[in-house]
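This report walks through one protein model for a reader who has not seen it before. Please look at the sequence and the structure first.

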Amino acid sequence: MEDVCEGKDFSFPKQEEAVLQLWNRLDAFHEQLRRTEGGEEFIFYDGPPFATGLPHYGHILAGTIKDVVTRHQSMRGRHVWRRFGWDCHGLPVEFEIDKMLGITNRQQVFDLGIGKYNETCRSIVTKYVSEWETVITRTGRWIDFKNDYKTMDISFMESVWWVFAQLWEKGLVYRGFKVMPYSTGCKTALSNFEAALDYRTVPDPAVMVSFPVVGDADNAALVAWTTTPWTLPSNLALCVNANLTYAKVKDKSSGAVYIVAESRLGQLPVKAKASGKKQVPSKGSNAEAVQDGLDKESYELLAKIPGSSLVGLKYSPLFDFFMELQETAFRVIADNYVTDDSGTGVVHCAPAFGEDDHRVCLAAGIFETAGLVVAVDDDGCFIEKISDFKGRYVKEADKDIINAVKDKGRLVSRGSIEHSYPFCWRSGTPLIYRAVPSWFVKVEKIKDQLLECNKETYWVPDYVKEKRFHNWLEGARDWAVSRSRFWGTPLPLWMSQDGEEIVVMDSIEKLEKLSGVKVTDLHRHYVDDITIPSKRGPEFGVLKRVDDVFDCWFESGSMPYAYIHYPFENKELFEKNFPGNFVAEGLDQTRGWFYTLMVLSTALFGKPAFKNLICNGLVLAEDGKKMSKSKKNYPSPMDVIDEYGADALRLYLINSPVVRAESLRFKRSGVYGVVKDVFLPWYNAYRFFVQNAKRLEVEGLAVFSPIDQASLLKSSNVLDHWINSATESLVSFVQQEMDAYRLYTVVPYLVKYIDNLTNIYVRLNRKRLKGRTGEEDCRISLSTLYHALVTTCIAMAPFTPFFTEVLYQNLRKASNKSEESIHFCKFPSTTGERDERVEQSVNRMMTIIDLARNIRERHNKALKTPLKEMVVVHPDNEFLEDITGKLKEYVMEEINVKTVTPCNDPLMYASLRAEPNFSVLGKRLGKDMGKVSNEVKKMTQEQILAFEESGEITFFGHCLKQDDIKVVRQFKRPENVAEKDIDAAGDGDVLVILDLRADQSLFEAGVAREVVNRIQKLRKTAQLEPSDPVDVYYKSAGNDKSTLEQILKSQDQYIRDALGSPLVPIEMSPTDVVVLGEESHDVHDMSFVICIARSSPVLSPDVAHASAGKDHSEALTVYLSSRSLSRLKSQFQAGNGMITVDCIEGFPPISLQLGKDVFLSAGEFYLASRS
């Protein structure tokens, strides 16, 4: 293994760049695919994004979710085909081209030529492909860009034709004339789910208009209310509710007579009072009904009329643009869609611009389908028939239309309303509702099947499936799948001129066979001119393709079949593995891609398209608003990655509410928090391992090689058992949660595990890991840590592919059989070797340590100050055995106490008190709460203990369980012990008591800890590594020299255990010592100097007497000092503790024995001379 730098010098982004180069060199992604080929298929459908914009956090989030799941499944041995896809057709592309070419209406496209227009569209489809590949690759996602699929590929388009043909054969396609959401900006109809993508709160005009009833004795007029004045020129009927009561009222100031719903009289405008004071307007808009009834000062009630009696009345048209329909139009009709919760109870009907208007007018015979005139063109402008406003954009004509109504004396009131209104998700223009001819899929016919198929799917979170998606399916309408556009997959419908003969193409082969034309492309400019002869004979002419293209959502919904060119290729692959295993996209796709996938798969196969789905929420800017390039309210994804690394961004997103379909306010500081709280502690545990594994080599011992896990399970060390069990729990948990697609639960568990690994296993095993308890024990603990690190890295590799690869590439050097990449490793199998008792005991131990630290803090007792005794009170004898047995030394060291005493008698140090849980019992007990509460508070110690054992107690016929009563343990100080001398802390489970009294032995131990602490700080200041061999010297600088030396002598074993070497008096330092750091200190009024020096061999003075003399001794000292300690140590090991020096010119060979003639440090010489 290689040495590793400190955490502060570790650059996550640079290391990730190096990993990308490694993956590239190994062709790692494709190698993983090759290795899993032949394994169980895991089918993942990747929803195709548009390549006309750059990837943002939403794409990175969805991509990360997909990458985590597919990497994990690959490591489980499954073959996961991952191909990137591109949505190439439709509005996003055409909208860009229209802006580029300055196109504002359809005729300009025909003038340019559909071929030129489409080829221009094709040219920009892949505009940002390279940028997408750069960003997606940098985030660590493995997906095939070279073998991608595009919805404009001929193979994809042919499969789309096949899908449509199957629907046609099943009788699920029809041509209709339907009022639909229409984008004047994109000049096309939108589906209902597209229309729901962008609702905004906007102001609109709100007007009341009068429609005089023909032949009414009082010259009464029906009053209708509308927020779309531009539809008034197309008015053909008025609609009322036959079940409502209407009122005829007279305006006292003008004499005008109006008819409105009785419950809506409060909506009529009220004139200024005779006093001259203006009426104070009611709060809210005209849309908010004022239910105060009739203002009798302004209006006189003439009659009440049942709504049914209004049906059939004729009225004077507002405009004369449709007088040719006067025999059937301009009359009152009725329907229950008219309500009295807004408006006047009278609805003005323009059947070309309202879904309900169209339905009720058609049913009432106001117009015939063939005779409906749509008075607004594809660009949203009035046609010539509306002569007063021809060529005007409808929304801009509102004001002039209102003025025209006023000039006719028909304007009753005008105002404005703020309401939620749909906008085009692509162009940002307000939608209108407009009757358009379209080809429809009969979704309503298969609604029950859709709901059943939805039950077969598994969603995370499930409420999106059960509520949002279920409700959307319940309200599903027939789907308009055609668009009057140019750049898209053409509908494969060839129709005769009389409309009697229709041929649907389900393949290129069929088109070529029927037309005799070789087909090389399926776009409009290639197939529009292809004709096929009529089966009825030449006299019926030829069949031509209908002009429309598919809605691009139909193409993306066909993706499971089209991306593999089914059924023309990959038939067996598809049919064996449908439905797919997994899809993931954002919450908005419940009305988009998830919906179209479900509709088409249900219609084609009676199955859902997918088995498992993860639905993510929106990533918002830090201020909670939508991320906006123009507002620059979010950091660039690549800037964040360049600063903190892709793994940190991945983990930040995965560990957030956004994976549960909630919103995330993106914070740069949150990504840094992941680095600080997850990666640096993880890295530090890894670095500590590497340093101590390398130390073995420095000390001349055998190179570290991990002991096999089967042997490690036999370790007698409790913390080895614990970390092995905790690692097994981690692996089991990750597998369990990944099987349930709950990615968001994994990161918190990992954070806790890393915290335990660093703050329990590494921290409490420092002596073992540093070799202070012997080489064999050191290798056992290092091997245990090694396996924990490797296993954790493999389990977490799908989440953090870069960081785990960096660690693994170094760790694998200790094992010759390791895979070239961590992503080639199999996910760790669970062995079942879990010890729940030891896991619980260690968790309780850490609780005890925390409680004891709290007591110390309350009394300002620093951890360096030793304490005499800690008592642990708990009824579980097994736990107490663990704490005072296997775990005792760890507790004593961490709390710095001399003894740990167990106590299983809960009443020895505590009094028990019972309190009723009012929040639980209040609702249940009602009037008995008072008396039951009193009895609970009176419970004796014996009753409470019995209650804790049995789990229940009954008062006044009410059986109370453990959740109903809270048992409070209060510390009971022993008699004759002062309050300052003892204290306790508990968590409701365990009680910890500390004896805070000091004595001389505790004082001496405290001084020793202070000295060690100063030495460790000096080592850090000198920038020494743990494996650097040094000697530590001290010199007393005060008058209390004997006191200090006595303390250091009494605490010698502790100091040697803590430092790995003894403290050496400065007088014993060699004359040529190399000092690395020196500091003066005062501890408890004792002054001393500490000096850290580089270790060097020491020749025993006895050698000088036994050898040829002083000169030979000095020559030997020079020779030994010139050798590296590690090499010298290896020589002694090879010679069984002996070496022969025969290379000093002028002196005879001499044999030297380690530990008698030569010592490898001043510390070793000092210990030998002292003994």
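What radius of gyration does the protein chain have, and what would a compact globule of 1171 residues have? The protein chain has 42 Å, whereas a compact globule of 1171 residues would have a value near 32 Å. The radius is taken over C-alpha atoms, and the globule rule is 2.2 Å times the number of residues to the power 0.38.

This is a predicted model, in which local features need pLDDT of at least 70 and side-chain atom pairs count only at pLDDT 80 or more, while totals for chains, interfaces and linings use all residues. Residues are numbered from 1 along each chain as its sequence is written, and side-chain values use heavy atoms, with hydrogens and water left out.

## The chain as a whole

The C-alpha trace of the protein chain spans about 140 × 85 × 55 Å along its principal axes. Its secondary structure comes to 41 helices and 42 strands; these are DSSP runs numbered from the N terminus, with at least four residues (H or I) for a helix and at least two (E) for a strand.

Of the 1171 residues in the protein chain, 54% are buried. Buried means under 20% relative accessible area, exposed means over 50%, and partly exposed lies in between (1.4 Å probe, protein chains only). The accessible surface of the protein chain comes to about 51600 Å², and 47% of it belongs to carbon and sulfur atoms. Areas come from the Shrake-Rupley method with a 1.4 Å probe; for residues, only the protein chains shown count as cover.

A contact means heavy atoms within 4.5 Å. Among contacts in the protein chain between residues at least 6 apart in sequence, 76% join residues at least 24 apart.

The protein chain has 143 positive and 161 negative charges, and their mean positions are 3 Å apart. Lys and Arg count as positive and Asp and Glu as negative, with His and the chain ends not counted. Each charge is placed at NZ of Lys, CZ of Arg, CG of Asp or CD of Glu.

## Aromatic pairs

How many aromatic pairs does a search of the whole structure find? The search finds 62 aromatic pairs. Rings of Phe, Tyr and Trp (its six-membered ring) pair if their centres lie within 6.5 Å; planes under 30 degrees apart count as stacked, over 60 as edge-to-face and the rest as tilted.

Phe211 and Tyr315 form an edge-to-face pair, with 5.3 Å from centre to centre and 80° between the planes. Phe211 lies in strand S5 (residues 199-212) and Tyr315 in the loop between strand S10 (299-306) and strand S11 (331-334), so the pair ties together parts that are 104 residues apart in sequence. Both Phe211 and Tyr315 are buried.

The rings of Tyr421 and Phe423 are also an aromatic pair, edge-to-face because their planes stand at 85°, with centres 6.2 Å apart. Tyr421 is buried at a relative accessible area of 10%, and Phe423 is buried with a value of 10%. One aromatic cluster is formed by Phe10, Phe12, Phe679, Trp682, Tyr683, Tyr686 and Phe803.

## Backbone details

Tyr741 is not a glycine, yet has a positive phi of about 60°. Tyr741 is found in the loop between helix H24 (718-739) and H25, and is buried at 5% relative accessibility. Asn860, also not a glycine, has a positive phi of about 55°. Asn860 is found in the loop between helix H29 (836-858) and strand S27 (867-873), and is exposed, with a relative accessible area of 73%.

## Two helix residues

Asn756 is in helix H25 (residues 746-764) and counts as buried at 11% relative accessibility. Leaving aside neighbours within four places in sequence, Asn756 is in contact with Trp722 and Tyr761. The C-alpha atoms of Asn756 and Ala726 are separated by 8.9 Å, and the two residues are 30 apart along the chain.

Which residues does Val109 touch, not counting residues up to four places away in sequence? Val109 touches Ile103, Ile114, Tyr117 and Phe486. Val109 is found in helix H5 (residues 106-112) and is buried, with a relative accessible area of 2%. Val109 and Ile1090 are 981 residues apart in sequence and 88 Å apart in space, C-alpha to C-alpha.
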